[in-house]
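Please keep the structure open while reading.

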Amino acid sequence: MMSKPINTVAIIGGGPTGSALAFHLCKAGKKVVLFERRTVPPVTVGESLVPATIPFIRELGIEEEVRAYSTFKPGATFVFNEEESLSFSFAGIRGAATEYSYNVPRDKFDLSVERVAEKTGALIVREAARVERVGSEERVRLAEESIAATEGFLKEQPDLIVDATGRVRLLPNLLRLPFKHGSRRDTALFAHCEGVNQVIEGNVHTDILERGWAWRIPLPGKMSIGLVIDSDHIKTFGSTSEEQFDNYLKHDPITKLWGPDPKRVTPVLKYTNYQLCSERGYGDGWVLCGDTFGFVDPVLSSGLLMAFDSAKALATAIIAGGGETEMKRYEKHVIKHLGAWHQTIDHFYSGRLFTLFKVGENVKETIFGKLLNLHFQKHLPRVFTGEATTSRYSVWLVDFMCKHGLMEEDPTELRVR
Ligand SMILES: Cc1cc2nc3c(=O)[nH]c(=O)nc-3n(C[C@H](O)[C@H](O)[C@H](O)COP(=O)(O)OP(=O)(O)OC[C@H]3O[C@@H](n4cnc5c(N)ncnc54)[C@H](O)[C@@H]3O)c2cc1C
């Protein structure tokens, strides 16, 4: 389907995916224009990075800059109920390549990545790009006004149009591409708060609620809070997102443990219908990358890893020629990677994942448990840190153990309702 050599690339969307892709392509000598319409939301989701994201940030050369404005993240804490919680430190994971991560304010983080793209040679056009469908075919072109906005950088249609528009899903919507929807119909309500406590400083916290779950992501001077709750249920807490968020915090036995008087310091943003994965990733002269290709769920913080990993994989495919074989390989890689997260995240919602953690804690002092633990320690946690989500064996082991290793414990007690 990709017919000619790719020299000029138009990337639509200058989030982490688009900017990282621009960086890799410019380094390889491609001519890249990046359209970013940057509207400035009060806050943006996607603040907790898994450790496997760090090598990508190092490659962009921005780790020191990111460290300066972020919170150091040493591990993860899971709160099952009022009595039980489990924390683990990334440094304690056997075979971990990266033993820490960061929680990042996204406004600053996105600008850091965009600046690298610009320094490497990408032309940044700070306005929305418009794309048109060519007849009834599955082909697209940049609208004349978007070519004109490049002020002579593009003299004709680019060789490749990359859709990196995130949840906007520009090309999947325009071309009506087939997609799979996950099984949840939750609403995520998100805001920054002050006066919220932590079990372990800097850790990303995942709390199981009466209905749904919540995140607590410590940022410098404040806490990012997300309530991920069944869309019909959350409506019973008020008519606006703010009412629903504030009332829910006062209601749930778990959120009440977060502190006597949490204070919300931003408006509340609402996300719905985000569990979407396209079944196709490329066509004649276009390709999808990052969230617009697929996003599974916020719970294990896989989004930014997928953004950087898919940007790198797509750059590799384009630099290798961008022909049918390379694009097919790229598409397969992303679909497989999304599938691995999907499987693990399903085990989170069914309660099997946390039940497995608990069983592991209970048996690890026995001789049998000690032996098994050495092996599991190398594979299981590294699936959550993102280092082993592309390892067939590790992903299989998590799946197998969640299905067959629960030692008669009932997973439904820890399922997310
Ligand atoms: C509720 C929720 C919580 C999440 N929490 C986490 C988390 O803790 N950790 C994590 O890693 N991930 C998280 N994610 C996922 C994360 O936000 C995304 O995976 C990540 O932002 C994807 O990056 P991207 O560059 O593909 O898309 P985006 O970050 O969405 O960037 C897309 C860019 O395209 C631009 N754009 C759109 N249309 C146009 C146009 N026509 N012309 C020009 N520009 C355009 C937008 O302005 C935007 O800047 C969460 C997602 C959700 C829904």
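The points below cover the ligand site and the nonpolar cores. The model is predicted. The ligand is surrounded by 31 residues, and the largest nonpolar core has 116.

**Ligand shell**
- The closest residues to the ligand are Thr 17, Glu 36, Ser 48, Asp 291 and Leu 304.
- By class, the shell holds 14 nonpolar, 10 polar and 7 charged residues.
- Helix 1 (16–27), strand 14 (213–219) and helix 10 each contribute at least two shell residues.

**Polar contacts and cover**
- Pro 16 places a polar backbone atom 3.3 Å from an oxygen atom of the ligand.
- Arg 37 has a backbone N or O atom 3.2 Å from a ligand nitrogen atom.
- Gly 303 has a backbone N or O atom 3.4 Å from a ligand oxygen atom.
- On its own, the ligand has 1,000 Å² of accessible area; the protein covers 94% of that.

- In soluble globular proteins, nonpolar side chains tend to be buried together.
- Within the largest core, the residues with the most contacts are Ile 11, Phe 109, Leu 142, Val 162, Leu 314, Tyr 330 and Phe 348.
- Helix 10 (residues 303–319) supplies the largest share of this core, 11 residues.
- Leu 314 touches Leu 21, Val 162, Val 287, Cys 289, Met 327 and Tyr 330, leaving aside neighbours within four places in sequence.
- A second core is separate and has 19 residues, including Ile 225, Leu 227, Ile 234 and Phe 237.

Terms used: Residues numbered from 1 in each chain as written. Predicted model: local features only at pLDDT ≥ 70, side-chain atom pairs only at ≥ 80, totals over all residues. Heavy atoms only, no water. Core = buried A, V, L, I, M, F, W, Y, C linked by side-chain atoms within 4.5 Å. Buried < 20%, exposed > 50% of the residue type's maximum accessible area, 1.4 Å probe, protein only. Helix = DSSP H or I, 4+ residues; strand = E, 2+ residues; numbered from the N terminus. Contact = heavy atoms within 4.5 Å. Near = heavy atom within 4 Å. Polar contact = N/O pair within 3.5 Å; in protein donor to acceptor, adjacent residues only side chain to side chain. Areas by Shrake-Rupley, 256 points an atom, 1.4 Å probe, with all protein chains shown as cover. Nonpolar A, V, L, I, M, F, W, Y, C, P; charged D, E, K, R; others polar.
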